[in-house]
Amino acid sequence: MPTPRPTPPDTGEVYELLRGVIDPELGSDIVDLGMVRGVESAADGTVSIKIALTTARCPLRGQIQKDVTTRVGSLPGVGSVEIAWAELTAEEKARTMGNARLRAAESAPPTAIPPTAKVLMIASGKGGVGKSAVTVNLAAELAQRGLEVGIIDADIWGFSVPRMLGIEGRLQAVESGEKKIAPKTKRVGRGEIHVVSMGLLVEQEESALMWRGLILSRAVQHFLEDVCWPTDLDYVLIDMPPGTGDVQMGLARMLPRADMIVVTTPAVSAQKVAVRVVNMGRRSHLRVAGVIENMSVFVSEEGKEYALFGRGGGQALAADAGVPLLGCIPIDPSVAEGSDEGRPAVLQPGPAAREIRKIVEQIVEEIVPPVEMQSCSARILEAAIANLDAVGTGPATG
Ligand code: ADP
């Protein structure tokens, strides 16, 4: 008498086994990540599994396939394993990344940044695109709206945040049980900006260049772990070093809850390096919240436009990354002058200031609203009313 064939496995058992298949890029299992679309177990022992990947040409497909077949194939009753591949929809991709971020956050090392503060990493593919100027101006506009803003100047080789904000002096330690660094604070409108930077640690800008890479990455780690931030901080903006080196990856790993904003210039040819930054962010589970094009057309007083650095780069990058283009900041002498004089351009009238305000409006209203805004705290309400009052009464005439 032939031995009876074992019954085909229960789909629940298959799901359990699939929990052991880790997407190496996202660092979590494919069931948790929502990549398993369905499992069917037929009477003849064929198990069919539908798996959706982040992109159809995912280079890790081979590895996932091998893992799935060997694991599921080892179940009694399984004759063959068939995999149907699909691609996650934009919505599913967002959910998958969300799940992965949550997992990464659970295992991320702790930082001193208050959990209620929203973290925005301001990144760029290369230097000189105005990343620091954008960081400082976004921070100034957020503060002007009555919000408390921290800036971590992590652009350790090219730190310029203190100069752009007119902040001088040295960072001091505060004794509060354990030793912490007190950020330098500048009042802007009804809010404040609190800054930590290498520029506030070393004597001269040139001397930082002599520091070794390892010491510099340690400095950034200190800025994440040992700063005594105000507890009511609404945002922390991180002025990232350009590119995708070790310091950037370290920051991304330490702060998987961060949202990344990529600053780029209008030259379409320059977007290849910016795409690499987007990919690095995604690999570290960060949400890429949007693109800002800086140094867009210069508009003369007569209204004539000069596209000095080309056109369309911001739009091209945003489309490539599947994220919104938050705005295009024009070339405006007030940005360069303001940077040199420690007076962010957004605090004065001008075309760049107008665009920066629009970008901040989107950030605060929809892209990354502050935690207080979501629960409508009294403090924000108070600031909004005060702003309305200011608009209603116009500037004080003495
Ligand atoms: P990054 O941080 O990307 O290296 P910076 O923010 O230091 O670049 O900007 C480089 C230079 O360009 C600075 O002198 C800055 O003031 C100037 N700059 C940045 N954005 C603009 C703009 N929209 N219009 C005019 N000058 C700008």
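Where is the place of Phe309? Phe309 sits in the loop between strand E16 (305-306) and helix H10 (313-321), in a predicted model where local features need pLDDT of at least 70, side-chain atom pairs count only at pLDDT 80 or more, and totals for chains, interfaces and linings use all residues. Residues are numbered from 1 along each chain as its sequence is written, and side-chain values use heavy atoms, with hydrogens and water left out. Here's a quick tour.

**The whole protein**
- You'll find 14 helices and 17 strands in the protein; these are DSSP runs numbered from the N terminus, with helices being H or I of at least four residues and strands being E of at least two.
- The protein has 398 residues, and 48% of them count as buried (buried means under 20% relative accessible area, exposed over 50%, partly exposed in between, with a 1.4 Å probe and protein chains only).
- Take the contacts (heavy atoms within 4.5 Å) between residues at least 6 apart in sequence: 76% of them join residues at least 24 apart.

- Strand E4 (residues 46-53) pairs with E5 in the parallel sense over 8 bridges, and Ile51 stands opposite Trp85 in E5.
- Glu40 belongs to strand E3 and counts as exposed, because its relative accessibility is 57%.
- Leaving out residues up to four places away in sequence, Glu40 touches Thr11, Thr46, Val47 and Ser48. The C-alpha atoms of Glu40 and Thr11 are 6.5 Å apart, although 29 residues separate the two along the chain.

**The sheet of 8 strands**
- The order in this open sheet is E10-E11-E7-E12-E6-E13-E14-E17, again with mixed pairing.
- E10 (184-188) and E17 (325-330) are the edge strands, each pairing on one side only.
- From one strand to the next, the twist averages 20°.
- Strands E7 (residues 148-153) and E11 (residues 191-197) pair in the parallel sense over 6 bridges; Glu148 has Glu192 in E11 as its bridge partner.
- Helix H9 (residues 271-283) lies across E6 (118-123), E13 (259-264) and E14 (287-296), at about 175° to E13.
- H10 also packs on the sheet, touching E13, E14 and E17, and its direction makes about 170° with that of E14.

**Salt bridges**
- The structure holds 13 salt bridges (a side-chain nitrogen of Lys or Arg within 4 Å of a carboxyl oxygen of Asp or Glu).
- Arg19 bridges to Asp32, with the closest N and O atoms 3.2 Å apart. Arg19 is in the loop between H1 and strand E1 (22-23), and Asp32 is in the loop between strand E2 (28-29) and E3.
- Glu16, Arg19 and Asp32 are linked in a salt-bridge network.
- Arg163 pairs with Asp340 at 3.3 Å between the closest N and O atoms. The two are 177 residues apart, with Arg163 in helix H5 (residues 161-165) and Asp340 in helix H11 (residues 333-341).
- Arg163 is partly exposed at 36% relative accessible area, whereas Asp340 counts as exposed at 56%.
- Glu192 bridges to Arg187, the closest N and O atoms being 3.9 Å apart.

**A nonpolar surface patch**
- Tyr306, Leu308 and Phe309 make up a nonpolar patch with about 310 Å² of accessible area together (patch residues have over 30% relative accessible area and no salt bridge; like charges are joined within 9 Å, and nonpolar side chains, namely Val, Leu, Ile, Met, Phe, Trp and Tyr, within 5 Å).
- Phe309 counts as partly exposed, because its relative accessible area is 43%.

Key
Pairing = 2+ DSSP bridges. Areas by Shrake-Rupley, 256 points an atom, 1.4 Å probe, with all protein chains shown as cover. Axes fitted to C-alpha atoms, helices over the stretch in contact; angles between N-to-C directions.
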